[in-house]
Amino acid sequence: MDDTDPPPGSGTLTVPDHVLIVGACAAGLATLEALRLRGYTGKVTLLGDEIHPPYDRPPLSKQILSGSWQPQRASLRTAEALLALDADLRLGEPAVSLDVATRTVQAADGSTYRGDAVVIATGAHPRRLPGSDGVAGVHVLRGLDDTLRLREDLEPGRKLVVVGDGVLGCEIAATAVQLGVHTTLAGPQRDPMQMQLGADIAARLRDLHHAHGVHLRLGTGVTALEAAGSRATGVRLATGEVLPADVVVVAFGAAPATSWLTGSGLQTDNGLVCDSRCRAADGIYAVGDVARFQHERLGRSVRLENRTNAIEQAIVVAANILGEDQPYAPIPYFWTDQYTVKIQVYGIPTPDMRISVVDGDPATGRFVAAYHLDGRPAAVLGWNMPKQARQQRQRLLVTP
Amino acid sequence: MKVFVDQDKCVAAGSCVTAAEDVFDQREEDGVVVLLNPNPPAALANAVREAAAVCPAMAIELHE
């Protein structure tokens, strides 16, 4: 190859004059910061659907919902720090369509934004129970405003049903019961987070919630919201049983926010489909919860809804926008804090994996477990042992 | 470069240690960040910047 040929696999070699980032939460902000950290001095526009400056989501179901933090503390950057990033920040401007050929995004108010590179970081929208529109007392928890509305409703002595036995439902139940709210956790799994963490760990989680006074009504799905007039009164289970409630919070997953891309020609399949460089089309990238990317090491496409993914993926996308050719192949990671238990999870455990203790002792309430698939370690979980879990990640999951 | 850490914000992810293990460590008992070197040498500056960038709790502040 002579010097004028671009290296194989690379996109454009020219640095874009203008990067348009659609989505102004963790992943969008991280993309902007990563561009600046790499010395990019071009124009960046950050388009956000909410009116809030970028804020952090993990504290919502914990410190913000409990009231131990003021909402301001979830801000990702101070006003001065945002200013220093020298971006055109457009908040309260939901994107409604994308023209791929011209890389132009139209916002809800009709204004248009064109970028030489476009980064899609629109996140995900929580799933809701049918019939929830306009019904008081039924909530989701995705954004800051959702959290503050739910918090208003969580008065001590009230009856709360949390619909959803995954990580978010567990965190909300833990926070609520500690506020003195009568809390029931409902969902289809035998024990909380069983599909994510396997039977042994899920059983420990069940015991943990039970010990703190959460009523667990698991093993049967919730089929409908019960309401009297425009006020929620409970939820109906697949068995026909009704769980009465003053407050219902629905936390059974989120759908990637791709509906605005319908008709754009980009491929969506439970997320915006990207290659291993997180590229959906020439000059169009995706980061964060919305991105389904080809994971070269796992040999399949994945979509990761977790906090560290938002940053790490943004760093790779920023590099690729500036002419590098980096695959994104992270070791997935999430953490959850419930009561005083800190759980760290590296890799993607599945319920069929064999589990063994590699540090600590479950009897003492502190241990690290390894999950094995076909005799090889595939994931690591720490239960009140964050440092040691990270060390086992390095030892078991990082291939030299 | 001067490094500051906020142990109250820290969520014990340990991303900083993976990025710059000569500058950051974690407490044995709860994984909260420990600052080993608040004035890292220039050779580590990029690793420390990466550590601050990847922290999921914005618990690392740099003054350069």
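Helices (H or I, at least four residues) and strands (E, at least two) are DSSP runs, numbered from the N terminus.

This is a predicted model, in which local features need pLDDT of at least 70 and side-chain atom pairs count only at pLDDT 80 or more, while totals for chains, interfaces and linings use all residues. Residues are numbered from 1 along each chain as written, chains are lettered from A and ligands numbered from 1 in written order, and side-chain values use heavy atoms, without hydrogens and water.

**Exercise 1.** At what angle do α1(A) and α8(A) pack, and which residues make the contact?

*Solution.* Start with the axes, which are lines fitted to C-alpha atoms, for helices over the stretch in contact; angles run from 0 to 180 degrees between N-to-C directions. Helix α1 (residues 26–37) and helix α8 (residues 307–321) of chain A pack at about 40 degrees, their axes 8 Å apart. The two are therefore oblique to each other (under 35 degrees is roughly parallel, over 145 roughly antiparallel, 65 to 115 roughly perpendicular, the rest oblique).

Next, look for contacts (heavy atoms within 4.5 Å). From α1(A), the contact residues include A:A26, A:A30 and A:L35; from α8(A), they include A:R307, A:I311 and A:I321. By class, the contact has twelve nonpolar, one polar and one charged residues (nonpolar: Ala, Val, Leu, Ile, Met, Phe, Trp, Tyr, Cys, Pro; charged: Asp, Glu, Lys, Arg; polar: the others, Gly among them).

**Exercise 2.** In what order do the strands of the six-stranded open sheet lie?

*Solution.* Trace the pairs (at least two DSSP bridges between strands). The order is β3-β2-β1-β7-β20-β19 (chain A), with mixed pairing. β3 (88–90) and β19 (279–281) of chain A are at the edges with a single partner strand each, so one side of each lacks a neighbour in the sheet.

Now zoom in: β1 (residues 18–22) and β7 (residues 117–120) of chain A pair in the parallel sense over four bridges, and A:L20 has A:V118 of β7(A) as its bridge partner.

**Exercise 3.** Which strands are the edges of the five-stranded sheet?

*Solution.* This open sheet runs β23-β24-β27-β26-β25 (chain A), with antiparallel pairing. Its edges are β23 (333–338) and β25 (354–361) of chain A, each pairing on one side only.
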